[in-house]
Amino acid sequence: MAFHNNHADRVGDQKQHLNLSVYAYDVIHSDMLLFDNQKITNFLNLIFDHYRLDAEASISLVLGRYRSELDDIFSKIKTEDKTKKAIIDTFVERKKNMLINKAAQYEKGNYFKFYLNKKNFEYLTGDKSDCDEPDCNENDYYKNCGQYIKSVIEEYARLPYVERERIYYKERISIIEKAIKEKKQLHIITGSKKIYYVYPYKILQDPLATTNYLVGFSYSDIRSKEQKIPCSFKIAALQTVKMKTDNGKITAKEEAFLEQKIERRGVQFMVGEETRIRIRLTEAGVYRYNRYIHLRPAVSEIQEPNIYVFNCTETQAQFYFFKFGADAEVLEPERLRKHFQEMYRDAANLYHS
């Protein structure tokens with residue numbers, strides 16, 4: 001049974017009072033900026049809609065799935081049905097208590113109001129038109145729907161950023177995963193309004209799991225589809241994603257080629273030509289290179305004294321070594337050296353009186 005709504009004809013009943021912990025409140029507002037969603041009502045409705053079916057805060061759903069798993073496991077064991085049921089009931093009861101305790105642990109902090117959208121309101125009150133979704137039976141575990149919403153949002157806020165990103169862009173990711181499964185092309189528009197046609201391979205994260213990438217092959221002109229090149233796009237940076245009916249199959253040879261590139265370059269730097277880059281490092285620079293692995297290009301040769309040679313894209317070298325300052329001097333190529341000179345000079349000019 002869903003949460004009871006005594007005044008279904010009043011729009012005001014969609015108003016919700018929420019009290020989030022300071023931690024969750026800060027994460028929500030940080031994510032609103034990162035995902036460029038400035039209205040808290042829109043943001044909370046989207047997160048609740050995208051995450052409620054998977055959250056442990058949805059205790060009735062979790063217990064239903066857990067019981068089904070146990071039923072399947074114990075169906076292979078030869079023993080009395082009564083005994084099986086007793087064991088399963090014990091496990092489910094233990095799981096239920098754990099989930100209830102988890103939902104009750106979130107502290108209060110910041111109080112505010114927001115409005116439920118029609119879809120979430122109907123789901124919570126049991127008057128939903130989408131018959132594909134399971135019923136909301138969380139009233140067995142929460143006093144009101146506000147407590148349930150709080151638990152879902154608090155749980156979301158404690159996930160790693162890369163998982164929160166997948167939740168926020170759930171619809172976009174579902175389209176990509178469907179295209180990968182059905183071996184179809186994607187039509188994407190980036191934030192800079194550029195159009196690409198993509199043969200999708202996988203959704204991957206960078207080595208430190210800071211963001212999600214769509215990896216595959218792409219071409220930017222419908223007339224040059226035979227000239228597809230390896231690509232990686234930040235999913236959060238895409239504007240639109242649509243699945244096409246065109247064949248998007250990637251061959252085993254192409255898969256091996258992509259895996260080799262990912263291993264050598266990292267998923268962030270799939271695009272661009274590799275260049276021979278020579279950089280002189282100070283002793284402090286060598287220490288920093290050995291210590292900081294994020295975005296680090298693999299060294300191909302070390303020349304004396306402390307001259308490191310890399311075969312990577314100039315973009316990767318710029319992202320990684322710019323923060324080294326005086327501890328890293330670009331020797332070649334000349335265009336990258338000049339680029340560093342210009343960036344450092346422009347930064348220094350800001351401090352000239």
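The structure is a predicted model, in which local features need pLDDT of at least 70, side-chain atom pairs count only at pLDDT 80 or more, and totals for chains, interfaces and linings use all residues. Residues are numbered from 1 along each chain as its sequence is written, and side-chain values use heavy atoms, without hydrogens and water.

**Exercise 1.** Determine how helix α1 and helix α6 pack.

Solution. 
1. Helix α1 covers residues 22-34 and helix α6 residues 145-157; helices are DSSP runs (H or I, at least four residues) numbered from the N terminus.
2. Their axes lie 9 Å apart at an angle of about 70 degrees; axes are lines fitted to C-alpha atoms over the stretch in contact, with angles from 0 to 180 degrees between N-to-C directions.
3. α1 is therefore roughly perpendicular to α6, a term for angles of 65 to 115 degrees.
4. Contact (heavy atoms within 4.5 Å) involves Y23, A24, V27, I28 and D31 of α1 with I153, E154, Y156 and A157 of α6.

**Exercise 2.** Identify what I28 touches.

Solution. 
1. Leaving aside residues up to four places away in sequence, I28 touches L20, F43, L44, I153 and Y156.
2. I28 is also among the residues touching the most other members of the largest nonpolar core, which has 59 residues; such a core joins buried Ala, Val, Leu, Ile, Met, Phe, Trp, Tyr and Cys residues through side-chain atoms within 4.5 Å.

Notes. Helices (H or I, at least four residues) and strands (E, at least two) are DSSP runs, numbered from the N terminus. Angles under 35 degrees count as roughly parallel, over 145 as roughly antiparallel, 65 to 115 as roughly perpendicular and the rest as oblique. Buried means under 20% relative accessible area, exposed over 50%, partly exposed in between (1.4 Å probe, protein chains only).
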